[in-house]
Each structure stands twice: as C-alpha cells, then as structure tokens.
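This report describes one protein chain, going from its overall layout to a few single residues. Keep the structure in view while reading.

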Amino acid sequence: MQRTGEKLLAEILKDYIKDAGIADRLRAVDVCAVWREVVGPRVAAASDNVYFSGGVLYCRMTSSIVRNNVYYSLDGIRAEMNRRLGGEEVRKIVLR
C-alpha cells in the first residue's frame, strides 16, 4: 500500500484553523495568557476583563494603585510580551 499526499497533523490543524476563521480569536487568547505571565500574579489578580483586539490589549484594573504602578512600566511590558509572542502583536496597552 502506497500513501500519497501525506500531511502532518500540525499542518492539517493549521489549515483548519485558518479556514474556520478562528486564528484571530486563538491569538487573542495567547496574548491574554502572556499578559498574565509577564505582569506576574499580583498584577494579574488585579486585572479584570482583559481582551485583545486589533493590536490593542485592553485591561480593566480593579486597583488604582496597581494601575498607576503598571502604567509606568507599559513600554517594558509591551516589549516583553512581543518578545514572547515572537513579533509585534501588541501595538498598545490600554488600562482602564
């Protein structure tokens, strides 16, 4: 028996995700997970309603003190997130 047109499972899944149109939503999940890793457990605990859309990461902070501390570190956080994501995914971070 001879096989023709073999594909790796990873290639099949990549094609399916692209065809189904869910790649952007999966990427948004990745970005939000990286946010929690980069900022650490204390800031992540004060983060609420984190979502990613159009290159902008939106995050509502439950503590004004934590928000002010994070605000002064946004450039470094964004740079570290982009480094971990492997590109310029996050163009801007908006704290609310």
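Read along the sequence, the elements of this chain come in the order α-α-β-β-α-α-β. That order contains 4 helices and 3 strands. The model is a predicted one.

**Overall form**

How does the chain compare with a compact globule of 96 residues? Such a globule would have a radius of gyration near 12 Å, but the chain has 17 Å. Along its principal axes, the C-alpha trace spans about 65 × 20 × 20 Å. Of the 96 residues, 28% count as buried. The accessible surface of the chain comes to about 7000 Å², and 51% of that surface belongs to carbon and sulfur atoms. Among contacts between residues at least 6 apart in sequence, 50% join residues at least 24 apart.

**The strands**

| Strands | Sense | Bridges |
|---|---|---|
| β1 and β2 | antiparallel | 5 bridges |
| β2 and β3 | parallel | 4 bridges |

Single bridges can be picked out in each pairing. Asp48 has Arg60 of β2 as its bridge partner, and Tyr58 has Val94 of β3 as its bridge partner. Strands β1 and β2 form a hairpin with 2 residues between the strands. In this hairpin Gly54 takes a positive phi, near 60 degrees.

As for the side chains, in a regular strand they alternate between the two faces of the sheet.

**Helix α4**

Does the distance between the ends of helix α4 agree or disagree with its number of residues? The helix has 12 residues, 74–85, and at 1.5 Å a residue these should span 16 Å. The end C-alpha atoms are 16 Å apart, so the two values agree.

Which residues of α4 are buried? They are Leu74, Ile77, Met81, Asn82 and Leu85. Seen down the axis of α4, these buried residues fall within an arc of 130 degrees, so they line one face of the helix. The general rule behind such a pattern is that an α-helix has 3.6 residues a turn, so residues three or four places apart point the same way. On the other side of α4, Asp75 and Arg83 are exposed.

The cover over the buried residues of α4 includes helices α2 (23–46) and α3 (64–71), as well as strands β2 (56–61) and β3 (92–95). After α4 comes Gly86, which has a positive phi near 80 degrees.

**Two residues compared with the cut-offs**

Asn82 is found in helix α4. Its relative accessible area is 5%, and buried means under 20%, so Asn82 is buried. Leaving aside neighbours within four places in sequence, Asn82 is in contact with Gly87, Glu88, Glu89 and Val90.

Tyr71 is placed in helix α3. Is Tyr71 buried or exposed? The cut-off for exposed is over 50%, and Tyr71 has a relative accessibility of 51%, so Tyr71 counts as exposed. Tyr71 and Gly54 are 17 residues apart in sequence, and their C-alpha atoms are 20 Å apart in space.

Note on methods
Residues numbered from 1 in each chain as written. Predicted model: local features only at pLDDT ≥ 70, side-chain atom pairs only at ≥ 80, totals over all residues. Heavy atoms only, no water. Expected span 1.5 Å × (residues − 1). Buried < 20%, exposed > 50% of the residue type's maximum accessible area, 1.4 Å probe, protein only. Arc of directions from axis to C-beta. Contact = heavy atoms within 4.5 Å. Pairing = 2+ DSSP bridges. Rg over C-alpha atoms; globule rule 2.2 N^0.38 Å. Areas by Shrake-Rupley, 256 points an atom, 1.4 Å probe, with all protein chains shown as cover.
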